[in-house]
Amino acid sequence: MKQPSALSQRVAYTIDALLALVLVVAVGGNLAAQTWTFLVVIPMWLAWATVAASGIAIALRRHRPLLAYGLGLGSLVPALIAGNGLAPAALLATGCALYTVALEHPRTRSLIAMGLGLVVVMIFEVLRLGPNTIASTAFAGGGVAGSWALGWMTRQRRANLAQLAETQADQAVSDERLRIAREMHDVVAHSMSLIAVKAAVGNHVAEQQPDEAREALRVIELTSRETLVELRRMLGVLRSGDGTPEAALGPAPKLADLRTLAERAGQAGVRVELTGEAVDDLPEGVALSVYRITQEAVTNVVKHAGPSACRVTITEGPGEVSVEIVDDGRGEGSPPAVGGHGLIGMRERVAVYGGDFEAGPLPAGGFRVFARLPYAAKEVGTR
């Protein structure tokens, strides 16, 4: 259960101290002025001790709930016998202490404390038989039981809120892990595919065409360096809780970086044609999703379609953007229509925005990926 802050605790202690002071002054003033006529005469020192015990019980209830409740019960005994103003004051102190006991202690212990309070009320109300015994017993017993019920319900509410907060935190961690997994897959799969392709080319032509082999090694070096930058950026996000400035983590890819993506794919033997509208002012999350979907689709072309060509078309509409990636399928094989983490990741990115996603082979050959991502009206208004 979440603990209250130090400031809220100090405020609560101050309120209890003021309440105890008001009770002692009010009841003690009436005792000093002798304005009450007790139903059963008790020594004056006992009346003053009852008032003091009631005040101390209220002041101590947050520090030592059980001790405060014991003082409240002790003050309740002579107060119930004497009646008049002493009884409500002692009952108030007992109820406040029992509320805290029910709030902070296990149910069994707090129920025993409540039962003890009810026994004291019944015994000493019955000993002071009178025309209002039943009514006063019901009032005092209801005050004791009601204080416990209020404390227990507050305890349950706080526990439920703490459980809800923990569940939300776990869900947030799970969502973030999934997001990072998608980012890692997109970056690593794309870059390693390019590296694997160029490494195969370099190995194949190393003896007959050394210049081509050196070019392949240059592409591998460049791609590796860019991948390391991306990985450091994502690892920096994971470490950002230790005070790393966000600016030091590096910017996320933008749609303008698709040209660089196309050039790198071209180095791996896939000619990428970028067509459609120039979209530069999408919300950051939407733009990143479009980039990653395109990156994954192009990576699949590099891995599965061999030397081929693909066309990337981006279209913007009112409050939405769509991207279509189509390859000609002239290589060794088209990307698989189902399965694989790449298509799953693309589908999840689209699902975040409640959009549409399609992926599958074309009748005339080749493979098509289509994604439509709507975004909130408030995001459109801030562009």
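These legends walk you through several close-up views of one predicted model.

The model is predicted, so local features need pLDDT of at least 70 and side-chain atom pairs count only at pLDDT 80 or more, while totals for chains, interfaces and linings use all residues. Residues are numbered from 1 along each chain as its sequence is written, and side-chain values use heavy atoms, with hydrogens and water left out.

**View 1**
Residues 87–103 are 100% helix and 0% strand, and here the end C-alpha atoms lie 24 Å apart. Helices (H or I, at least four residues) and strands (E, at least two) are DSSP runs, numbered from the N terminus.

**View 1. Helix α2 packs with helix α4.**
Two packed helices are described by the angle between their axes and the distance between the axes. For α2 (residues 44–60) and α4 (residues 86–104), the angle is about 25 degrees and the axes are 8 Å apart. That makes the two helices roughly parallel (angles under 35 degrees; over 145 is roughly antiparallel, 65 to 115 roughly perpendicular and the rest oblique). Axes are lines fitted to C-alpha atoms, for helices over the stretch in contact, and angles run from 0 to 180 degrees between N-to-C directions. Look for Ala 47, Thr 50, Val 51, Ser 54, Ala 57 and Ile 58 of α2, which meet Leu 86, Ala 89, Ala 90, Leu 92 and Ala 93 of α4. Contact means heavy atoms within 4.5 Å.

**View 2. Val 144 in helix α6.**
Val 144 has a relative accessible area of 1%, so this residue is buried (under 20%; exposed is over 50% and partly exposed in between, with a 1.4 Å probe and protein chains only). Beyond its neighbours within four places in sequence, Val 144 contacts Leu 91, Leu 98, Met 114, Gly 117, Leu 118 and Val 121. Tyr 99 is 45 residues from Val 144 in sequence, with 8.9 Å between their C-alpha atoms.

**View 3. Val 197, also in helix α6 (residues 133–205).**
Val 197 is partly exposed, at 22% relative accessibility. Not counting residues up to four places away in sequence, Val 197 touches Ala 268 and Val 302.
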